[in-house]
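Have the coordinates open as you read.

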Amino acid sequence: MTGKVWFSFIYLGGLTVLALLVPFFNFDPTQIDESLIGRPQAPSFAHWFGTDELGRDILLRSIYGSRISLMVGFVSVGISICIGVIVGVLSGFIGGRVDFLVMRVLDTLMALPTLFLILIIQVMLEPSIFNVMVVIGVTSWMGVARLVRAEVLSMKERVFVTACRARGIVERKILFKHIVPHTLNPIIVAAMLGMGGAILIESVLSFLGLGVQPPHASWGNMLENSLGYLRDAPWMALIPGVLITLTVLSLNFLGDGLWLLLDPKARERDVIHT
Amino acid sequence: MLSIRNLDVEFHSDQSRVHAVKGISYELSEGQTLGIVGESGSGKSVSSLSILKLLPSTARVSGEVFWKGTDLIKETEAAMRLVRGAQIGYIFQNPLSALNPVFTVANQMVETICLHSDATKEEALEEAIELLDKVKIENPRKRIHDYPHQFSLGMCQRIMIAMTLSMKPDLLIADEPTASLDVTTQKEILELMDSLKEEYQMSMILISHDLGVVAERCDEVAVMYLGEIVEMGTPKDIFGSPKEAYTKILIDAIPKIRF
């Protein structure tokens, strides 16, 4: 395990704890300090990350923003993994023409630009965070399905599967008990990488005003608010920007780290390369 | 008990077709042991796997496999599931790859026992421990909760034998059961199989490329070459007065110790 994996782990852990605990304290991220409207304050002891154009505390809004980001990450990846695992497992196990057909449909779906699809849906429907999560989930399961299918394809040719059959075990049980657990490693790694992508898409949408609506805080709309104050109050843009970058990078590092940890073959390759 | 007539297996792929088994026939009566010898790729395993219809979907199988009066080739998958394990047991060449690496031995044995009887999980676990004791695994009560990779290859093969016996088959197909083991373990496993065959009164098909293994314990021997049975007879006939050139080559290939 390298330093950046540990850093990512601690950073994401800390962020999650803060995000989970903050509602238990009596803080209001939408509270406006009227004396400070139009005059963002630089970071100080009273406001560690400074205040925004309406005198709201940026630290508090950042933590509330992380709640949105993490929730979008979890829920949309949850949806995409559910769909992806079901499609991948069935397609790989049934094989033949079914598999061919499913894979061509996947290719077609993968060719659709996710972001624009989400933009259209958000414009047509009322923009809501619920829509964002569902749409990200429903449009990003193809990668998971491919990974799972590949794993199932290679697993079902293994001798122990034939041995299960030779003992008279039912196909359904062979699939779900003996094959599916082997697909867990690529799923975990894909989940980490997928969360990073989902968080990024949510930030983009909120930045464009199609995600989380003001006055609720999200890293994306905090960035948007900062646009008018880039010269006078750069911290308003820097803080959510750095948070988005760190979070997405951490998820990627953690995904890579877990991949190395879970796949002994990958570890060997890594040793050779370094 | 088992009668195979004109069994023919062909593998089809987009580019090529391979004729792996070319119309072989043999009979096996109750309590007998049939040895099948031949080099790699001669169709020993393929012909045996096709008895249980365990070949991949690219295989085209024709002919007749009569088992206790029914033709298995014509049976449905559901009917085959009742034959597999419970009536015909199969032991694979590499025992470690025949066990699922992510589950403990207990888990896989209990699953198998519960599938073929009405035993509860506790009863099945007790039975599994007894069986492991019978195949001479030391301290079975503790070791049964280990994973396959924690056992040596020889022990894994003992576990596979115990698992196959738990279903009390009438016929045991042993597909090179000792090919991946070292010589001393090989001897132990073969002796174990001999005694268990006696105890459970099973018939056996023993596939091997080791003529010595086959000569000692088979009632009949079939020599396979390029998908055909080139010679068949009692070990005495085969080894005493081989008729086919290929059989002679095989016998000549047995290492002789000279000092």
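How many salt bridges are there between chain A and chain B? The count is two. Keep in mind throughout that this is a predicted model.

**Where the chains meet**

One salt bridge to look at pairs K173(A) with E111(B), with 3.4 Å from N to O. Chain A brings 17 residues to the contact, and chain B brings 22 residues. Together the two chains bury about 1,800 Å², and 62% of that area sits on carbon and sulfur atoms. On the chain A side, A166(A), R167(A) and K177(A) are the trio to pick out: they supply 35% of the area that chain A buries against chain B, more than any other three residues.

**The largest pocket**

The largest pocket has a volume of about 1,000 Å³. Its lining takes in 33 residues, and those nearest the centre are R165(A), L54(B), L55(B), P56(B) and S57(B). Which elements give two or more residues to this lining? From chain A they are α2 (58–94) and α7 (159–166), and from chain B they are α1, β4 and α2 (77–83). The largest share, four residues, belongs to α7(A). Sorted by class, the lining of the largest pocket has 14 nonpolar, nine polar and 10 charged residues.

**Charge pairs**

Over all chains, the salt bridges come to 20. Three of them, each within one chain, are set out here.

| Pair | N to O distance |
|---|---|
| D107(A) and R104(A) | 3.0 Å |
| K68(B) and D170(B) | 2.4 Å |
| K74(B) and D71(B) | 3.0 Å |

Start with chain A. D107(A) and R104(A) both sit in helix α3 (residues 96–111), and because they are three residues apart there, about one helical turn separates them. D107(A) is partly exposed at 29% relative accessible area, and R104(A) is also partly exposed, at 37%.

Is each of them buried or exposed? K74(B) is exposed, with 66% relative accessibility, whereas D71(B) is buried at 9%. Back in chain A, salt bridges with shared partners link R104(A), D107(A) and R146(A) into one network.

The remaining pair in the table, K68(B) with D170(B), has its closest N and O atoms 2.4 Å apart. What does this pair tie together? K68(B) lies in the loop between β4 and β5 of chain B, while D170(B) lies in the loop between α7 (153–165) and β7 (171–175) of chain B, so the pair links parts that are 102 residues apart in sequence. Both ends are partly exposed: K68(B) has a relative accessibility of 48% and D170(B) one of 27%.

Most residues other than glycine have a negative phi, and most peptide bonds are trans. Yet phi of K68(B) is positive, near 50°, and this residue is not a glycine.

K53(B) shows a positive phi too, of about 50°, although it is another non-glycine residue. You'll find K53(B) in the loop between α1 (44–51) and β4 (59–67) of chain B. With 25% relative accessibility, K53(B) counts as partly exposed.

Where is the cis peptide bond? It joins P214(A) and P215(A), with omega at about 10°. P215(A) belongs to the loop between α9 (184–207) and α10 (219–226) of chain A.

**A stop at S25(B)**

Last, have a look at S25(B), in strand β2 (residues 17–28) of chain B. S25(B) is partly exposed, at 38% relative accessibility. S25(B) and L7(B) are 18 residues apart along the sequence, but their C-alpha atoms are 6.5 Å apart in space. Which residues does S25(B) touch, leaving out those up to four places away in sequence? They are I4(B), R5(B), N6(B), I229(B) and M232(B).

Definitions and conventions. Residues numbered from 1 in each chain as written. Chains lettered and ligands numbered in written order. Predicted model: local features only at pLDDT ≥ 70, side-chain atom pairs only at ≥ 80, totals over all residues. Heavy atoms only, no water. Buried < 20%, exposed > 50% of the residue type's maximum accessible area, 1.4 Å probe, protein only. 1 Å grid on protein atoms, 1.4 Å probe; cavity = no way out; pocket = protein on both sides within 12 Å on 5 of 7 lines; lining within 4 Å. Points joined across faces, edges and corners; volume = space filled by probe spheres on them. Nonpolar A, V, L, I, M, F, W, Y, C, P; charged D, E, K, R; others polar. Salt bridge = Lys/Arg side-chain N within 4 Å of Asp/Glu carboxyl O. Contact = heavy atoms within 4.5 Å. Buried area = accessible area lost by both parts, 1.4 Å probe.
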